[in-house]
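Here is a short report on a single chain. It covers contacts, fold order, confidence, surface and a few loop residues.

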Amino acid sequence: MAVRGGFPHTLTVHVFRGRTDARQQGVVVGEGRAVVFVPRDEVLDRDLAVTTAVVLPLHLGSAGETD
């Protein structure tokens, strides 16, 4: 539970995930920041947004995940 404006409230976060067999060579970005595939064993070493840093480890360690 978080406290904002002096009163406690609940924050709901929706997380979507999926698998892909895409490779870095197949990603085309027209403008802006580049899209980069990060190896699973390196992703938590990155500078992550606060919510991502909390939620991502839960999904990486979820039942049924083997790769």
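Among contacts in the chain with a separation of 6 or more, 29% join residues 24 or more positions apart. Contact here means heavy atoms within 4.5 Å.

This is a predicted model: local features need pLDDT of at least 70, side-chain atom pairs count only at pLDDT 80 or more, and totals for chains, interfaces and linings use all residues. Residues are numbered from 1 along each chain as its sequence is written, and side-chain values use heavy atoms, with hydrogens and water left out.

**Elements and confidence**

The chain has one helix and two strands. From the N terminus, their order is β-β-α. Helices (H or I, at least four residues) and strands (E, at least two) are DSSP runs, numbered from the N terminus. The mean pLDDT of the chain is 79, with 84% of residues at 70 or more. pLDDT is the predictor's confidence in each residue, from 0 to 100.

**Surface**

The accessible surface of the chain is about 6,200 Å². Carbon and sulfur atoms hold 56% of that surface. Areas come from the Shrake-Rupley method with a 1.4 Å probe; for residues, only the protein chains shown count as cover. Of the 67 residues, 3% count as buried. Buried means under 20% relative accessible area, exposed over 50%, and partly exposed in between (1.4 Å probe, protein chains only).

L11, V13 and V15 form a nonpolar surface patch, with about 270 Å² of accessible area together. Patch residues have over 30% relative accessible area and no salt bridge; like charges are joined within 9 Å, nonpolar side chains (Val, Leu, Ile, Met, Phe, Trp, Tyr) within 5 Å. A salt bridge is a side-chain nitrogen of Lys or Arg within 4 Å of a carboxyl oxygen of Asp or Glu.

**Loop residues**

V15 lies in the loop between β2 (7-9) and α1. The loop between β2 and α1 also holds A22 and R40. Their accessibilities follow.

| Residue | Relative accessibility | Class |
|---|---|---|
| V15 | 39% | partly exposed |
| A22 | 31% | partly exposed |
| R40 | 34% | partly exposed |

What does the side chain of R40 reach? The backbone oxygen of L60, at 2.5 Å. R40 and L60 are 20 residues apart in sequence, and their C-alpha atoms are 8.3 Å apart. A22 and F37 are 15 residues apart along the chain, with 9.1 Å between their C-alpha atoms.

Definitions and conventions. A polar contact is a pair of N or O atoms within 3.5 Å; within protein, one must be able to donate a hydrogen and the other to accept it, and residues adjacent in sequence count only if both atoms are side-chain atoms.
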